[in-house]
Amino acid sequence: MKINFRLLCSLLLAGMFLVSCGSKKHVRTTKQKSKRTTTTPNAPVVIQENDKVTTTTTTRSTDKIANYVEDFKDVAIQEMKLYKIPASITLAQGILESGSGNGRLALEANNHFGIKCHTGWTGGRIYHDDDEDQECFRTYNDASYSYRDHSLFLKDRRRYAGLFELDQDDYKGWANGLREAGYATDRKYPQKLISLIERYELYRYDNMALGKSIDEKPRVVEEVKENNTTSFTKEYVVVKGDTLYRISKKYAITIDQLKKLNRLKSDELNIGQVLIVK
């Protein structure tokens, strides 16, 4: 009996030892699994990077025309380099014809210049009331194609050939020439283009396309009078801090003469405004 009792005790102790070892191994395994499941490599970095992207959004202007210019100035500059049409003219026409990109033709057809189908057009079409009811207008897959078609429209038509004899930075000559060539029926079309160009300083993009200083002032324009005598009109672009008095002293002209030349009804000036000073 004593021998069996001792044997039984030995077996019990051995069993307890095995159970104890198995329990420790199980705990160790659980800890290893816990470490693996709670580790997410690079996750915080991705979140931080996304946060940076979302906080660097660009604020849009409340001025629809300014936004339009910002959206399409690069396209207009590129077209000027390729086809010699002033970027200022292209942008001003786009603003007028498309309602700063908010007109029906611009929104539904990507047509920013009101170009009608005309004979030979095989592309998409949209019908819209203009001079007549439900006239046919061209549609484009993207607004940039409308800009390219505008360049080709002017370049390939004989009636606009005289425009390409003008200097590329002569936006006034282009504005008047478009009206004379029949691009628009509105008598005030040239004045509207010139007003937009000067108000938003669109001539700066002509300078960029020509590789000139962006702030370079308009050149001296030579004009021929009806009696065949030649006169020179010198222009000045108003900058910050300018007054009529300051400009009159600079060009040796009286304030009254300056106002009369420019048909000014007050002494107020706007930055970018073009004044005739001689």
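This is a predicted model: local features need pLDDT of at least 70, side-chain atom pairs count only at pLDDT 80 or more; totals for chains, interfaces and linings use all residues.
Me: Why is Lys73 called buried?
Reply: Buried means under 20% relative accessible area, exposed means over 50%, and partly exposed lies in between (1.4 Å probe, protein chains only). Lys73 has a relative accessible area of 17%, so the word buried applies.

Me: Why are Lys192 and Asp186 called partly exposed?
Reply: The relative accessibility of Lys192 is 37% and that of Asp186 is 28%. Both values fall between the two cut-offs, so both residues are partly exposed. Their side chains also meet in a salt bridge, at 2.6 Å from N to O.

Me: Which residues are linked with Lys212 in a network of salt bridges?
Reply: Asp169 and Glu216 are linked with Lys212 in that network. Between Glu216 and Lys212 the closest N and O atoms are 3.7 Å apart. Glu216 is partly exposed at 36%, and Lys212 is partly exposed at 27%. By the salt-bridge rule the count comes to 13.

Me: What makes Phe164 and Trp174 an edge-to-face aromatic pair?
Reply: Rings of Phe, Tyr and Trp (its six-membered ring) pair if their centres lie within 6.5 Å; planes under 30 degrees apart count as stacked, over 60 as edge-to-face and the rest as tilted. By this rule the count comes to 11 aromatic pairs. For Phe164 and Trp174 the centres are 5.2 Å apart and the planes make 85°, so the pair is edge-to-face.

Me: Is Trp174 buried or exposed, and how do you know?
Reply: Trp174 has 0% relative accessibility, so Trp174 counts as buried. Phe164, at 23%, is partly exposed.

Me: How do you know that Lys155 lies over the face of Phe164?
Reply: A charge sits over a ring if NZ of Lys or CZ of Arg is within 6 Å of the ring centre and within 35 degrees of the ring normal. Lys155 is 4.4 Å from the ring centre of Phe164 and lies over its face.

Technical notes. Residues are numbered from 1 along each chain as its sequence is written. Side-chain values use heavy atoms; hydrogens and water are left out. A salt bridge is a side-chain nitrogen of Lys or Arg within 4 Å of a carboxyl oxygen of Asp or Glu.
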